[in-house]
Amino acid sequence: MLSYKNNSTAKRSKLTCSQIPRLVCAYYRCRMRWFLSSTLHQLRCVRLRSCTRRGGRNTLPLWIRAIWAYLRLLVQSLYFSSLTDSDVVFDSVFEPIFWTVDYVTRWFGTMFVFLVVVLTSSILVIVYLILLPMIISTYPPIWVAWHLCYGHWNLVMIVFHYYKATKTAPGYPPTEKNDSPFVSVCKKCIIPKPARTHHCGICNRCILKMDHHCPWLNNCVGHLNHRYFFSFCLSLALGCVYCSISGRYMFLDAYNALEHFKHLDVEKSGVPVTGMGVLIGLLPPGQTNYQTAAPTYTFKEKMIHKSIIYMWVLTSTVSVTLGSLTMWHAILISRGETSIERHTNSKETKRMANRGRIYKNPFNYGKLNNWKIFLGVGKTSHWLTRVLLPSGHTPPGDGLTWDAFPVKKDLIPV
């Protein structure tokens with residue numbers, strides 16, 4: 001028995017001695033965890049109290065905090081990606097200026113349209129009230145018929161194409177999910193962008209085959225109304241050239257008449273009287289010239305001459321400026337480009353040239369085919385019915401997909 005008890009006591013004492021280091025380590029571990037957790041808890045409480053006091057003392061308005069958050073995000077966006085370049089930095093820095101210009105252009109769009117209508121109407125009033133009666137009374141019947149036919153055809157083309165250009169939507173990409181191919185995603189609309197599609201900051205939408213935003217139309221020029229815009233520019237330029245050439249002699253006569261009567265008002269007309277005329281009392285005492293009556297120059301004649309000068313100056317100025325713009329767009333159409341694609345293609349040409357390669361515009365089908373596609377000419381009669389006469393036909397294609405490099409194929413046989 002004694003031996004058994006001693007053995008059991010020895011075993012218990014042996015187990016206790018082996019557990020002592022473990023118990024000590026566990027004890028100190030618990031103390032360290034409790035100390036760290038209590039320290040962190042105290043630091044959090046101090047931080048919360050300091051933030052509460054600071055927020056209570058210096059609370060900024062919500063709009064200032066929103067602007068500050070936007071500026072921080074704007075700065076961080078400059079280096080968020082390795083693809084950031086000078087164009088991204090430029091767009092980010094000048095974003096407020098772009099936004100202001102877009103807002104002002106959007107607001108003044110209606111005023112620009114009103115100005116176009118007023119100026120065109122003023123020219124029509126002068127033509128119908130002043131020039132047309134002169135033409136009918138002085139020109140031969142053949143020339144009168146020519147002026148009447150051409151003038152009214154030109155007027156119909158101007159009015160029709162301007163109305164269609166302003167009222168026709170330029171074409172928008174679909175906002176719902178579809179299987180149409182796209183080349184990128186718009187960073188503002190967050191929708192897929194098909195080829196030749198760009199975002200308009202003034203309309204705040206993506207435009208199919210966007211050329212530019214025209215303030216004189218208060219509308220974007222895109223896939224569906226590009227032909228109306230070009231036809232309007234061409235018709236108006238031809239009309240201004242027609243008025244400028246037809247009224248050049250009337251302008252010279254009106255200008256000379258105004259200058260003549262202006263000098264008559266400054267210089268008094270008279271015939272000097274000498275010799276016997278003074279003795280017989282033809283003149284009052286102290287007067288040496290016999291004053292003749294000035295020629296009659298009524299207010300109506302003065303307004304007619306000023307109206308002719310106004311018409312000629314306005315039409316000549318518009319014919320030069322708008323004619324240059326129309327020629328530039330005609331060159332772009334011949335190349336199969338838009339105004340935006342002109343810049344992107346030139347940059348791409350330089351980039352490929354630096355690599356020893358040649359860049360080719362994938363949407364250039366040849367000069368004749370480019371004009372056929374742009375004008376919607378499908379057969380010979382369309383040159384009369386769709387080009388020389390007003391036509392509301394839609395352009396070929398949907399503006400979402402485009403054929404590339406049809407080299408030896410006539411797209412629309414004529």
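The model is predicted. The buried residues of α10 are Ser 339, Glu 341, Asn 345 and Met 352. Seen down the axis of α10, these buried residues fall within an arc of 130°, so they line one face of the helix. An α-helix has 3.6 residues a turn, so residues three or four places apart point the same way. What do the buried residues of α10 pack against? Their partner is α9, which covers 299–335.

Helix α10 runs over residues 339–354, which makes 16 residues. At 1.5 Å a residue, α10 should span 22 Å; its end C-alpha atoms are 24 Å apart, which agrees. After α10 comes Gly 356, with a positive phi near 80°.

Move on to helix α11, residues 367–375, and find Asn 370 there. Is Asn 370 buried or exposed? Its relative accessible area is 6%; buried means under 20%, so Asn 370 is buried. Which residues does Asn 370 contact, leaving aside neighbours within four places in sequence? They are Ile 333, Ser 334, Arg 335, Gly 336, Phe 363, Asn 364 and Tyr 365.

Now turn to two loops. Ile 190 sits in the loop between β1 (184–185) and β2 (192–193). Its phi is positive, about 60°, although Ile 190 is not a glycine. Arg 196 lies in the loop between β2 and β3 (198–200). Arg 196 also has a positive phi, about 70°, and is not a glycine either. Their surroundings can be read from accessibility. Ile 190 has 60% relative accessibility; the cut-off for exposed is over 50%, so Ile 190 counts as exposed. Arg 196 has a relative accessible area of 10%, so it is buried.

Rolling a probe the size of a water molecule over the atoms shows where empty space is left. The second largest pocket holds about 980 Å³ of space. It is lined by 41 residues, and the closest to its centre are Thr 120, Ile 158, Leu 236, Gly 239 and Cys 240. Which elements each supply at least two lining residues? They are α4 (95–138), α5 (141–167), β5 (212–214), α6 (226–246) and α9. Helix α4 gives the most, with 10 residues. The lining of this second largest pocket divides into 27 nonpolar, 13 polar and 1 charged.

How values were computed. Residues are numbered from 1 along each chain as its sequence is written. This is a predicted model: local features need pLDDT of at least 70, side-chain atom pairs count only at pLDDT 80 or more; totals for chains, interfaces and linings use all residues. Side-chain values use heavy atoms; hydrogens and water are left out. Helices (H or I, at least four residues) and strands (E, at least two) are DSSP runs, numbered from the N terminus. Buried means under 20% relative accessible area, exposed over 50%, partly exposed in between (1.4 Å probe, protein chains only). Contact means heavy atoms within 4.5 Å. The expected span of a helix is 1.5 Å times one less than its number of residues. The arc is that of the directions from the helix axis to the C-beta atoms. On a 1 Å grid over the protein atoms alone, a cavity is a set of points where a 1.4 Å probe fits but cannot get out, and a pocket is an open set with protein on both sides within 12 Å along at least five of seven lines; lining residues have an atom within 4 Å of a point. Grid points are joined across faces, edges and corners, and a volume is the space filled by probe spheres set on the points. Ala, Val, Leu, Ile, Met, Phe, Trp, Tyr, Cys and Pro count as nonpolar, Asp, Glu, Lys and Arg as charged, and the others, Gly among them, as polar.
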